[in-house]
Amino acid sequence: MQPTLSFEQAPPISVPYRFFLTAPLFGAAAGLVLALLGPETMQSRWSPGALAMTHLIVVDFMLQAMCGSLLQFVAVVAGANIWRPRLVAHVVHPLITAGAIFLATAFLFEQQVLFLLAALVFVAAMGLFLTVMAIALLRTPARGMSIHVLRLAVLGLLVTVVLGATLAVTLGLEESPSPGWSLLALIDVHVAWGLGGWAMMLVIGVSYLVVPMFQLTPGYPVWFTRLLPAGVFLLLCLWTLQLVPGLRTAQGWWSIVASAGAMLAGSYAVTTLWLQSRRRRRQADVTLVLWRGAMLSLLAFSLSWLAFEAWPPWGDSPSAPLWLGVLALPGLFLSVITGMLYKIMPFLNWLHLQQQGGKAALLPNMKQMIPEAAMRGQMRLHFVALGLLLAAVPWPVLALPAGLAFTASCVWLQWNLVGAARVYARFRDRLRDAAAADAVQSGRP
């Protein structure tokens, strides 16, 4: 089921690192928005603060980290030739960064022109990124469910970008969306494709490989690896039908589709937790704990969604979308991203140093790239921040400590990642100095 890893295809280390070293900064910015605006941010999903926070987390923290990971993952796992990865990173990274700033500022200050600028920048950035990724994934000879799911994730990102750009232009021009679409329906479909079709699909595709590899678990059941992405994609297509004029009013139908999606997501969480319980290594490292926390958050999300559907007074509360958003964004996706960064960056350090001629015995091992105590400390703070964010939904007075804790967690993550990059730079310079000295001694220029 799994493709062969092609480490020789890995792009230059600067390609993923520029994305990784930017992502946590926007998480810190989201936390500061919550801390500064206070309880009013947690009163509704439509408040300027909530919208700005959501897009700082999704568009820049998650999108930056996932784009960097995908450039690395597609090359190594799919063995795909990515067209000029350094150039792609140089163009896409600053455009995503600028677009996120435009979008968050537009929500905070309700400036229509910034919505238009954000749409223009994101279409340019994602147009290049998606074209390069699509060509690489379609041309790769590699096979396996991970490859198929990655293709679906790229398709999900395309749909998300198209719908998001449509919404941004609609807000920028202060016009109704066309052709006759309901604005609320367009938002709901955009959110579903962004979180389910792009982010969740990418997590699923990556987990098929990294959960057994990094956490030493049995592989996912083959039938489940085929059913899960197909079921998610089918439900997303059905959910999208509410954009058809007249179908939005069939509330019972959309409730069934949403509940089926929640149950499917819950089954993935339960399956992953079950595999983790059967791992061969009994010691739980930071990545395993973060993944476990992510799956528990996903399970809580699924059960909460079903509870909201079964008891409308809960589901109709303005707090319900905020509760689900906290479980999905910091709870699920940021936990997975943090856990993966703590594996990816040390491994990339070691891989690229070895490719530059470093002898394995002289290189720092994986655990020396980022101190274990620092990772565990940041992980604990992340879960404390998650608890405070959840508590701030029913008790908005906790917005200030929740925002500060989340900011501190993201800053600590940034510090740990910068430390790993500095370790790489230090040993890279040593290897270059040693190579230069050897060249001088041998009489070579």
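These notebook entries record what I looked up in the predicted model.

**Ground rules.** I count residues from 1 along each chain as its sequence is written, and for side-chain values I use heavy atoms, with hydrogens and water left out. Since the model is predicted, I take local features only at pLDDT of at least 70 and side-chain atom pairs only at pLDDT 80 or more, while totals for chains, interfaces and linings use all residues.

**Core.** I looked up the largest nonpolar core and found 151 residues in it, with Val74, Met126 and Tyr268 having the most contacts inside it. Such a core is a set of buried Ala, Val, Leu, Ile, Met, Phe, Trp, Tyr and Cys residues joined through side-chain atoms within 4.5 Å; buried means under 20% relative accessible area, exposed over 50%, and partly exposed in between, with a 1.4 Å probe and protein chains only. I then listed the contacts (heavy atoms within 4.5 Å) of Tyr268, leaving out residues up to four places away in sequence, and among them are Met200, Tyr220, Trp291 and Leu298.

**Aromatic rings.** Tyr268 also belongs to one aromatic cluster with Tyr208 and Tyr220. I find 10 aromatic pairs in the structure. In one of these, the ring centres of Phe107 and Phe115 are 5.1 Å apart and the planes stand at 80°, so I note the pair as edge-to-face; rings of Phe, Tyr and Trp (its six-membered ring) pair if their centres lie within 6.5 Å, and planes under 30 degrees apart count as stacked, over 60 as edge-to-face and the rest as tilted. Both Phe107 and Phe115 are buried. Phe107 turns up again in the contacts of Pro48, together with Leu108 and Glu110, when neighbours within four places in sequence are left aside. Pro48 is in helix H3 and is partly exposed, at 31% relative accessible area.

Gln72 is buried at 8% relative accessible area, and beyond four places in sequence I find Ala10, Pro11, Pro16 and Leu348 in contact with Gln72. His382, in helix H14 (residues 372-392), is buried at 4% and touches Leu290, Pro330, Leu334, Ser335 and Ser409, with residues up to four places away not counted.

**Salt bridges.** My search of the whole structure gave three salt bridges, each being a side-chain nitrogen of Lys or Arg within 4 Å of a carboxyl oxygen of Asp or Glu. Lys343 and Asp285 meet at 3.1 Å, N to O; this pair links distant parts of the chain, 58 residues apart, with Lys343 in helix H12 and Asp285 in the loop between helix H9 and helix H10. Both Lys343 and Asp285 are buried. Glu372 pairs with Arg376 at 3.0 Å between the closest N and O atoms, and because the two are four residues apart in helix H14, about one helical turn separates them. Asp429 pairs with Arg428 at 3.2 Å.

**Surface patch.** I noted a nonpolar patch of Leu32, Leu36, Leu37, Leu400 and Leu404, with about 470 Å² of accessible area together. Patch residues have over 30% relative accessible area and no salt bridge, with like charges joined within 9 Å and nonpolar side chains (Val, Leu, Ile, Met, Phe, Trp, Tyr) within 5 Å; the areas come from the Shrake-Rupley method with a 1.4 Å probe. Helices H2 and H15 each supply at least two residues, and H2 gives the most, with three. Leu36, in helix H2, is exposed at 73% relative accessible area.
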